[in-house]
Amino acid sequence: MNKKKIAIIGLGYVGLPLAIEFCKKKFDIFGFDIDKKKINELRNGIDRTHEVKKSELKNLKKIKLVTQIDKIQDCNVYIVTVPTPINDKKKPDLKNLIDATKLISKCIQAGDIIVYESTVYPGTTREICGKIIEKKTNLKLYEDNSGQLTSKNKKFFHLGYSPERINPGDNKHNLKNLTKLISSSSVFALKEINFLYKKICDKLYICNSIEIAEAAKIIENTQRDVNIALINELQIVFNNLKLNIYDVLSAAKTKWNFLNFEPGLVGGHCIGVDPYYLAHKSISAGYPPKLILSGRNINDKMPNYLGRKIKNYIKKKIKKKINILFLGITFKENCNDIRNSKNLILYKYLKKIFKIDVYDPVVDKNTLKSQEKNLNIINQINKKYDVIILSVKHDKFKKIGYKKIIDHLKKDGIFFDLKNMFGKYFVI
């Protein structure tokens, strides 16, 4: 393959930083997204994800931002970064991935390389995406360990898998300094993929197969989910024993090999989703996993558990109608995304009982209202409340400080520091 023309399919948390980094290395980059509003925003230098530094948004002018699939038909590398959520039954929802694969199949020609970065269960890239491309293009997936292409095998396309490791809101671990997994269906394509990602990532790790890379990605978040579930269950145990979970953890982590996990509401698009993908594949292979789904069950139930404990505590202490200030609604700290936010579920549980104002300085008020029409959002805190619930550990809350937050609490009011941000967690 000569000059690389790269199409990034999906310009969200994963695709946009990828497009920017490749663009900085002088590749010919096309950014494709079906969201016309998003494309228009990007053309005007607006990044709704806030994953790209403002100083680097100028690079958007060098990227060909398009919503029409025929605009990318001359590309020879396609990198797919679309979301892979779960459905209402907590089963893998591959619609975005399948739709994207069908779309780019209209453009794929012999010799093209298609790399998937979306999180999937082992076998998805080859068995689902690869089969779709074969059917739509009449090309064959090139699978050969020799690394040699001959005149007899020119009617082939190549697959790769390089799972994303973007951590929204995390400025420390980024695309350039994290270790990037790469894999491919052939040695030939692996060399090309290695060449591409080496330009934008400091360190690459070559997996022995696409399926190993898929499996490695999916257990990264499954491991975290299970560990957090253990700590969440311990929080329940210690609440019943009238012990402060954070005091217990502070003592326990003095041991050199104690894993430093904290309780939390596990939402978002990775940790709260990936275990279901792995469980689905495991069940189809004949083994219904026990620990993975048990951990998921614990974490899924934590918003309602905390909601009940908070409700009961409030009603025991305050015998009048109260108003609550809810600090933080996004799915994690320093991130402006509320999709699959367990903090939102906690809010909705309490909203059925109490009057609540929501303040979250990280996310745009209009964006919040467009996604959740019944949220009572405030732009600034200008009155006192009976109860304040700090649910998300945003740096901006830390900057405001404990004293200024407590200034908005009425006399004898209650402050729930659910994340122990100010060391004020108490047993509920």
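The following paragraphs describe a sheet with a helix packed on it, and then a pair of helices, in a predicted model.

The account begins with the sheet. Four strands form an open sheet in the order E11-E10-E12-E13, and their pairing is parallel. Strand E11, residues 355-359, and strand E13, residues 409-417, stand at the edges; each has a single partner strand, so one side of each is left without a neighbour in the sheet. From one strand to the next, the twist averages 20°.

Strand E12, which covers residues 385-390, pairs with E13 in the parallel sense over five bridges. Leu-390 has Asp-417 of E13 as its bridge partner. The sheet also carries a helix: H9, residues 291-317, packs on the sheet and touches strand E10 (323-327) as well as E12 and E13. The direction of H9 makes about 160° with that of E13.

Helix H6, residues 210-240, packs with helix H7, residues 245-252, at an angle of about 120°, and their axes are 9 Å apart. That angle makes H6 oblique to H7. On the H6 side, the contact is made by Ile-231, Leu-234, Gln-235 and Phe-238. On the H7 side, Ile-245, Val-248 and Leu-249 make the contact. Of the residues in the contact of H6 with H7, six are nonpolar, one is polar and none is charged.

Note on methods. Residues are numbered from 1 along each chain as its sequence is written. This is a predicted model: local features need pLDDT of at least 70, side-chain atom pairs count only at pLDDT 80 or more; totals for chains, interfaces and linings use all residues. Side-chain values use heavy atoms; hydrogens and water are left out. Two strands pair if DSSP finds at least two bridges between them. Helices (H or I, at least four residues) and strands (E, at least two) are DSSP runs, numbered from the N terminus. Axes are lines fitted to C-alpha atoms, for helices over the stretch in contact, and angles run from 0 to 180 degrees between N-to-C directions. Contact means heavy atoms within 4.5 Å. Angles under 35 degrees count as roughly parallel, over 145 as roughly antiparallel, 65 to 115 as roughly perpendicular and the rest as oblique. Ala, Val, Leu, Ile, Met, Phe, Trp, Tyr, Cys and Pro count as nonpolar, Asp, Glu, Lys and Arg as charged, and the others, Gly among them, as polar.
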